[in-house]
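Please load the model in a viewer and keep a selection panel at hand.

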Amino acid sequence: MKSVAALLLVGMLILWTELPTGSAWSCPPVRVTCAKPNPPNQCYADWQCPRYKKCCQSSCGRRCLSRLRALPI
């Protein structure tokens, strides 16, 4: 009985450690700044972006970026 409880506890701990925290990914750092004094923004928050995209600061204003485009090459 104790071994079943121990295995159940270990299994729950493994599942708990693999749960995503907050957002699955974060925005990439911006290395270049825009020459425009007040660049236009395509979004202001994540909820304004299509599914699986995130509102991130780009080199010239905020844009909806997908995870694949945000990952470094």
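Select the bonded cysteines of the chain: numbered in sequence order, they pair as 1-6, 2-7, 3-5, 4-8. A search of the whole structure finds four disulfides, a disulfide being a pair of cysteine sulfur atoms within 2.5 Å. Such a link is a covalent bond between the sulfur atoms of two cysteines. The model is a predicted one, in which local features need pLDDT of at least 70, side-chain atom pairs count only at pLDDT 80 or more, and totals for chains, interfaces and linings use all residues. Residues are numbered from 1 along each chain as its sequence is written, and side-chain values use heavy atoms, with hydrogens and water left out.

**Cys27 and Cys56**

Select Cys27 and Cys56 next; a disulfide joins them, with an S to S distance of 2.0 Å. The torsion about this S-S bond is -75°, and the link is left-handed. Cys27 lies in the loop between helix H1 (2–17) and S1, while Cys56 lies in strand S1, so the pair ties together parts that are 29 residues apart in sequence. Helices (H or I, at least four residues) and strands (E, at least two) are DSSP runs, numbered from the N terminus. Is each partner buried or exposed, where buried means under 20% relative accessible area, exposed over 50%, and partly exposed in between (1.4 Å probe, protein chains only)? Cys27 is partly exposed at 29%, whereas Cys56 is buried at 0%.

**Cys34 and Cys60**

Move to Cys34 and Cys60, which a disulfide joins at an S to S distance of 1.9 Å. Cys34 sits in the loop between H1 and S1 and Cys60 in the loop between S1 and strand S2 (61–66), so this link ties together parts that are 26 residues apart in sequence. Cys34 has a relative accessibility of 23% and counts as partly exposed; Cys60, at 27%, also counts as partly exposed.

**Cys49 and Cys64**

Now select Cys49 and Cys64, a disulfide whose sulfur atoms are 2.2 Å apart. The torsion about its S-S bond is about -85°, so the disulfide is left-handed. Distant parts of the chain are linked here: Cys49 is in the loop between H1 and S1 and Cys64 is in strand S2, 15 residues apart. Cys49 is buried at 11% relative accessible area, and Cys64 is buried at 15%.

**The strands and Ser58**

Display S1 and S2 as a cartoon. These strands pair in the antiparallel sense over six bridges, pairing being assigned if DSSP finds at least two bridges between two strands. S1 and S2 form a hairpin with two residues between them.

Which residue of S2 does Ser58 stand opposite? Ser58 faces Gly61. Ser58 belongs to strand S1 (residues 53–58) and is buried, at 9% relative accessibility. Leaving aside residues up to four places away in sequence, Ser58 touches Val30 and Arg63, a contact meaning heavy atoms within 4.5 Å.

**Asp46 and Lys54**

Finally, select Asp46 and Lys54. They form a salt bridge, with the closest N and O atoms 3.7 Å apart; the term denotes a side-chain nitrogen of Lys or Arg within 4 Å of a carboxyl oxygen of Asp or Glu. By this rule the count comes to one salt bridge. Side chains of opposite charge can pair when their charged atoms come close. Asp46 is partly exposed at 37% relative accessibility, whereas Lys54 is buried, with a relative accessible area of 14%.
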